[in-house]
Amino acid sequence: MTDKWIYWFEELSKDDFELVGRKCANLGEMTRSGLPVPPGFALSVDAHRRFMHETGAAEQIRAFVATVPPRELARDERVSRQIRDIVENHEMPDDMKAEVSKEYAKLCALVGLPDLPVAVRSSGATSMPGAMESFLNIRGDTQLFRKIVEVWGSSYTFQAIAYRANNELSVEDFPIGVAVMKVVNAKCSGVAMSVHPNTGDRNKMLIEANWGLGEGVVGGSITPDHFVIDRTTGEIHSTISTKAECVLPNGDGTSWQPVDAELQDCSCVTEPELRAIQELASRLEAEYGEPQDIEWVFDRDFELPESLRVVQTRTAKIAKGADEKSQNEYLIDLLLSSIYHRK
Amino acid sequence: MRTYDITPFEFDEAVDLKKYDAWFLDGTHSVPPWTPMFGWSWINYCRHGMMWAAQKLQLPTCKGWDWRLHRGGGYLAVLVVDDPAEIAEREKVFRKQLEPFIEDYDAVWAAHLEELQGYYTTLRAFDIDGSTNIELLDHLEDAFRLNKRMWEIHFYFMYVVFGVYMLFEAMMKKMFDIDDSNPEFHKFLTGFDNKVFQVDRKLWEFGKKAETMGLDSLFLENMPDKVGALLAESEAGRSWLAEFNEFLAEDGWRSQRMSEFVNPTWLEDPTPAYMNVRQFLQKGGDFNLEKERARLTVEREAAEKELMQKIPDEQKGWFTKLLRLAQRSGSFSEEHNHWLDLYTHALVRRALIGWGDRLVAADVMDKVDDVFFLIPDEIRRVALTPEWHDLRGLVADRRAEWASWAEEDNPPMMGTVTLEEAMGTLIRSNDPVVLKVVVGSFPVPKPELNADLYGTCGSPGVVEGRARMVMNDADLMQIEEGDILVAPATYPSWTAVFALLGGVVVDRGASLSHAAIVGREYGIPVVMNTFEGTKVIKDGMRIRVDGNMGTVTILND
């Protein structure tokens, strides 16, 4: 392996997915294209591999896996917990800690904040949405080292193992990259799809949003604000929901917290902000040559347009054979937007 | 004094132009001017039906139309919803209302048709001659109640299917850059059977039957109004008639002008039906609609297959639903005339004629059809004590006024703004019925084409032929094979004559008007919205009709 195993986003491009995983490669590509990505760096796939070997975790896992019948591996959740425990019981080797600490210090200096809150995100070379862990609002060296190890351990979650087993990938040896990036002081966050996911209509863009951090949109029990933008006419169809809770930084992590009563029924995104997201999504779609599924966030510490940050983009997945009801609803959406909405 | 003095809906410039800055003449239905009875019925029930349907559906941007009468013309103003909050509230209900149509249009239509057919059966069974005045008055009220219900159903469907048709147009334009002036567009919507064509087919079959029974010369050598009496003279003729009368008992509930009570129905006077039989005999050969239909069906299926290949898999679901519904809008547009307007109006007419007979017998007035110059309140006023009344003066005044209206055309718009500004309001309503039937798109003159008239495409194709001016039913008799029909508009009862035509030119209309739909089914070019075709073209001229470009050229006088 090469000595270099930490890369700043600006050193990476989308072709580096084998080096640092897809998420980091994308963050790199976007940074290089001048897109508003929060600053940060990536730990390469090799860093994970090195950790596993130097600590002996790789050997321990191999020994443990040998005792488990292959069928059970992808079936028994306790197995994955045991493997993760093996990983998490090891500390990062000191020389690795020193390197990470050095780059983290650079990041803090860049932003101008000591103990800068960062996000620590998994970045597999194969996209397995939701299968691995990401942590937000991590401050200081100690926490950072700990969470990087936990992200590595999350390459052995039950879902990740099952995914690899089903796709004939190596179950026990599957190192991943890790992204370390500034956590945005999030006013609101959300996802944007540059194609209607139920119907594949590329003239429609879908945006969902909640107050606070992005975890409050993709998971959780609240209904986010929902916007459909007609990309030809620019018309916006908004459905504003009551957003009683959102995800905010809390101590050494994040938690669901109540939203102020007067903000619950307000659109959490302004129209100029929606336009900025639309422009960003179109730009990413052009950049990647296919419809994109984007995670974005507005940073309180900046004004538009600098406030808009993109934290993730990937190829949008379109529902195959969208169900009857969503087809009917889509047809009604079209009728309203094409015939009955004022131009 | 107000001209009509029959309803609170008479146009009153001082009041009505304050409320709406423009009122449009419904040239499709109220030219020539309506009789007072029909105008009254339209202004009450058609107006009600639109508002009812717009409210029931919560049509987002339109609450129906207001209507006024002026010199026998129906004038409309569209009730636009402007408040965004109100539009948003209406949309919520509208979404729910649309679902059953998308899920199973045919079932929704069948249920409503069944409801109406129930009323038809009851009203048909009523014994007019054997009824007392009280019973006959109730029967008239029932007929008007049917009229009211018919208009509710009429617009409940029309608002939905025409909106869907417009969406289909918009999506075809957006996805494939094909609009409805493009011949390719109509390939997807033609080649469907419907009740109107089934009636035409039966008429053709009666022609064939006349041929086999040796009665064809009787049809060809005599004027249609003499045919009935002549048929009754022979054994074969009586046998043909017996069957024909059975057909009329079911399908003869129609008069030549759809939006009037004043013309006899086929049941009362089958002359127009005999004329259709005669025209099919003149033409000879097969029922060309059938062959044309088969060709169009094959063409449609091929076009659909090709289209679907261009649509990504994940979009096929909603697109197929849209296509099917858009195809229904064409069928509805044509077929509803038979099942709704024509049938109901024929039954109201039957009740009115019942009163006409009775009032003449009671010496209240002189002629049976004087009844069309009354309004229902005047019948109610005299119904139970006719011997106390004399309506002759009233009827004479109204008849004189009605005759005077026909001498001068009603203006196409009455308002305080320019036509352009007024059109802006119409477009703002997003009302599919306004845009697709009544007003249509305004033609754009293209001087480079060097034509004599510029209109819009109703049905594609190019044809040359002799112009036949058709201002009324009698003129239909003059039509020979290959002629080009020139008229203010065409009516559902004229459908059969399309079998003979080379092309059609009409003063007004849009892509879902009668002439356009029937023209497309018969595969003949139709140019609409020429506005002054009936003034510029003279009967007998040779003209070229270019449905693709929407132009008419006069070749020689």
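**Close look: one asparagine**

A:Asn137 counts as buried because it has 20 C-beta neighbours inside 10 Å; the cut-offs are 20 or more other C-beta atoms within 10 Å for buried, 12 or fewer for exposed and partly exposed in between, with C-beta atoms placed from the backbone. This is a predicted model, in which local features need pLDDT of at least 70 and side-chain atom pairs count only at pLDDT 80 or more, while totals for chains, interfaces and linings use all residues. Residues are numbered from 1 along each chain as its sequence is written, and chains are lettered from A and ligands numbered from 1 in the order in which they are written.

The phi of A:Asn137 is near 60°, a positive value although the residue is not a glycine. Most residues other than glycine have a negative phi, and most peptide bonds are trans. A:Asn137 is found in strand β4 of chain A (strands are DSSP runs of E with at least two residues, helices runs of H or I with at least four, numbered from the N terminus).

β4 (134-138) of chain A is an edge strand, as is β1 (6-8), and each pairs on one side only. The open sheet to which they belong has five strands in the order β1-β2-β5-β3-β4, with antiparallel pairing; two strands pair if DSSP finds at least two bridges between them. From one strand to the next the twist averages 20°. The partner of β4(A) is β3(A) (residues 118-123), joined to β4(A) by three bridges and running antiparallel. Within this pair, A:Val120 stands opposite A:Phe135.

Elsewhere in chain A, β8 (residues 225-230) and β9 (residues 236-239) are antiparallel and joined by four bridges. One of the pairs is A:His226 with A:Thr239. Five residues separate the two strands of this hairpin, and A:Gly234 in the turn has a positive phi of about 80°.

B:Asn450 sits in the loop between α16 (432-438) and β5 (453-454) of chain B. With 8 other C-beta atoms within 10 Å, B:Asn450 is exposed, whereas A:Asn137 is buried.

Each chain also has a cis peptide bond to a proline. From A:Leu304 to A:Pro305 the bond is cis with omega near 0°, and A:Pro305 lies in the loop between β12 (292-299) and β13 (308-315) of chain A. From B:Val31 to B:Pro32 the bond is cis with omega near -10°, and B:Pro32 belongs to the loop between β1 and α2 of chain B.

**The chain B sheet**

Four strands of chain B form an open antiparallel sheet in the order β2-β3-β1-β4. β2 (62-70) and β4 (413-415) of chain B are at the edges with a single partner strand each, so one side of each has no neighbour in the sheet. The twist here averages 30° from strand to strand. Two bridges join β1 (residues 22-25) to β3 (residues 73-80) of chain B, and B:Leu25 has B:Tyr75 as its bridge partner. Helix α2 (residues 36-57) of chain B packs on the sheet and touches β2 and β3, its direction making about 170° with that of β2(B). Contact means C-beta atoms within 7 Å. Helix α15 (residues 419-428) of chain B lies across β1, β3 and β4, at about 60° to β3(B).

**Helices and the chain contact**

In α4 (residues 57-66) of chain A, the residues A:Ala57, A:Ala58 and A:Ile61 are buried. Their arc around the axis is only 100°, which puts them on the same side of α4(A). On the other side A:Glu59, A:Arg62, A:Ala63 and A:Ala66 are exposed. The buried residues pack against α3 (45-55) and α6 (77-88) of chain A.

Between the chains, 21 residues of chain B are in contact with 18 residues of chain A. The elements of chain B that give two or more residues to this side are α3 (84-125), α4 (133-176) and α12 (313-361).

Note on methods:
Contact = placed C-beta atoms within 7 Å. Axes fitted to C-alpha atoms, helices over the stretch in contact; angles between N-to-C directions. Arc of directions from axis to C-beta.
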